[in-house]
Amino acid sequence: MSLLHLLDKVSDQHVIDVNDTGTKVGYKPGVVLGGKDLEHDCGVHRGIGYFIEPLILLGLFARSPLSIRLKGITNDTKDPSVDTFRMVTLHMLKHFGVPLEGLELKIENRGAPPRGGGEVLLRVPNINSTLKAVNWIDEGMVKRIRGVTFSTNVSPQIENRILYAARGLFNKFIPDVHIFTDHRAGLSGGLYVSNLK
């Protein structure tokens, strides 16, 4: 339902039909408008990545550029993390002819299950043409490794230990390894359960 509410915010002239028991959903798409300064609470049942995926695709073909703030869980095990979209997916879109200017995913707060508290800002430009066809047959060799470690509301030393261990593994295979750290504390580290009794 949260995804349908999100589609309702970025489009117009659509029809959403949910039966009385909530087991069947009918959706007839309308016009994707885009918009700026939109906001959506994704809840804590799915990660923000679940919502970013359709937003990127729809936002590219909207009437106006899309700028939306999404709140919820930034990293969980069910859905792609916001880091995957920021470091991989957005850069892959340039192969399809999508310009990188105006395409941005900014992580303002991290949020982990069960309470979330994460917040990202997604900006998607609209394109006036069609996407280019891409034929990726040769997977190539791994030349470099880039990554991100993150920690929320714990000691930064824990993140440094993770970084050291990961580099130790990857450096056995390839010398060009850069792993960035993102330590968040307080509200920028999301909501967390403390001292449950």
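Which residue takes a positive phi in the hairpin of β2 and β3? In this hairpin, which has 6 residues between its strands, Gly 22 takes a positive phi near 80°. The model is predicted, so that local features need pLDDT of at least 70 and side-chain atom pairs count only at pLDDT 80 or more, while totals for chains, interfaces and linings use all residues. Residues are numbered from 1 along each chain as its sequence is written, and side-chain values use heavy atoms, with hydrogens and water left out.

**Overall layout**

The protein chain has 4 helices and 10 strands, where helices (H or I, at least four residues) and strands (E, at least two) are DSSP runs numbered from the N terminus. Along the sequence, the pattern reads α-β-β-β-β-β-α-β-α-β-β-β-α-β. Taken along the principal axes, the C-alpha atoms of the protein chain fill a box of roughly 55 × 55 × 30 Å. UniProt, in an unreviewed entry, lists residues 2-140 for "domain: RNA 3'-terminal phosphate cyclase"; such positions are given in the numbering used here, feature names are shortened, and annotations may be inferred rather than shown by experiment. The span of residues 2-140 is 24% helix and 28% strand, and its end C-alpha atoms lie 39 Å apart.

**The open sheet and its helices**

An open sheet of 4 strands has the order β5-β6-β8-β7, with mixed pairing; two strands pair if DSSP finds at least two bridges between them. Because β5 (35-41) and β7 (104-109) stand at the edges with a single partner strand each, one side of each is left without a neighbour in the sheet. Neighbouring strands of this sheet are turned by 15° against each other on average, direction ignored, with axes being lines fitted to C-alpha atoms (for helices over the stretch in contact) and angles running from 0 to 180 degrees between N-to-C directions. Strands β7 and β8 (residues 118-124) run antiparallel and are joined by 5 bridges, and Lys 106 stands opposite Leu 121 in β8.

| Helix | Strands touched | Direction |
|---|---|---|
| α1 (residues 2-10) | β5 and β6 (66-72) | about 165° with that of β5 |
| α2 (residues 48-60) | β5, β6, β7 and β8 | about 15° with that of β8 |

**The hairpin and a surface patch**

Strands β2 and β3 pair in the antiparallel sense over 4 bridges, and Val 18 stands opposite Val 25 in β3. Both valines belong to a nonpolar patch on the surface that Met 1, Ile 16, Val 18, Val 25 and Tyr 27 form, with about 420 Å² of accessible area together. The elements that give two or more residues to this patch are β2 (15-18) and β3 (25-28). Patches are made of residues with over 30% relative accessible area and no salt bridge, like charges being joined within 9 Å and nonpolar side chains (Val, Leu, Ile, Met, Phe, Trp, Tyr) within 5 Å; accessible areas come from the Shrake-Rupley method with a 1.4 Å probe, and for residues only the protein chains shown count as cover.

**Salt bridges and backbone sites**

The structure holds 10 salt bridges, each a side-chain nitrogen of Lys or Arg within 4 Å of a carboxyl oxygen of Asp or Glu. One of them joins the side chains of Asp 79 and Arg 46 (2.5 Å, N to O). This pair links distant parts of the chain, 33 residues apart, with Asp 79 in the loop between β6 and α3 (82-92) and Arg 46 in the loop between β5 and α2.

Most residues other than glycine have a negative phi, and most peptide bonds are trans. Gln 13, in the loop between β1 (11-12) and β2, has a positive phi near 60°. A cis peptide bond, with omega about 10°, joins Pro 113 and Pro 114, and Pro 114 has its place in the loop between β7 and β8.

How values were computed. Contact = heavy atoms within 4.5 Å.
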